[in-house]
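Biologist: I'm new to this one. Could you show it to me and let me ask how you know what you say?

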Amino acid sequence: MLRRIVLITLLTSSVCALHWEMHKEDSIGNEFEESSGEIETEQLPGKCWACKWVMKKLKKQISNGATPDDIKNKLGVVCDEIGFLKSMCRKLVNQYMDTLVEELSTTDDARTICANIGVCKK
């Protein structure tokens, strides 16, 4: 019983902290967009992580002779495997589809690709 109470308390605290962080990042991102017209590098917590996860997964699946259509097809379904970040992943993939196809054709690693598209800090 005590173990369940502690577990529920920790889970609730984590959700509250994530919500607070997202709210804080969102308000900072809105101020940044209005002042300079540019999008902040990491508006949502986990966006960089999600990008790196997707790129690592795809780099393993894509062979050297993969066509752009093969890469697009894999980009279209990879987000189904990411869990609760599925929506963010799909937005990211749709927004950067052409650039990601080009980047995935290079020898760049996942971190470099995500930094090149502006999702992760360099």
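**Disulfides and a helix pair**

Modeller: Let's start with Cys114, which counts as buried at 0% relative accessibility, where buried means under 20% relative accessible area, exposed over 50% and partly exposed in between (1.4 Å probe, protein chains only). This is a predicted model, where local features need pLDDT of at least 70, side-chain atom pairs count only at pLDDT 80 or more, and totals for chains, interfaces and linings use all residues. Side-chain values use heavy atoms, leaving out hydrogens and water, and residues are numbered from 1 along each chain as its sequence is written.

Biologist: What makes Cys51 and Cys114 a disulfide?

Modeller: Their S to S distance is 2.0 Å, and a disulfide is a pair of cysteine sulfur atoms within 2.5 Å. The torsion about the S-S bond of Cys51 and Cys114 is about -100°, so this disulfide is left-handed.

Biologist: Why is Cys48 called buried?

Modeller: Its relative accessible area is 6%, so Cys48 is buried. Its disulfide partner is Cys120, with the sulfur atoms 1.9 Å apart. For Cys48 and Cys120 the S-S torsion is about 110°, so that link is right-handed.

Biologist: Why are α3 and α5 called oblique?

Modeller: They pack at an angle of about 120°. Under 35 degrees counts as roughly parallel, over 145 as roughly antiparallel, 65 to 115 as roughly perpendicular and the rest as oblique, so α3 and α5 are oblique to each other.

Note on methods. Axes fitted to C-alpha atoms, helices over the stretch in contact; angles between N-to-C directions. Helix = DSSP H or I, 4+ residues; strand = E, 2+ residues; numbered from the N terminus.
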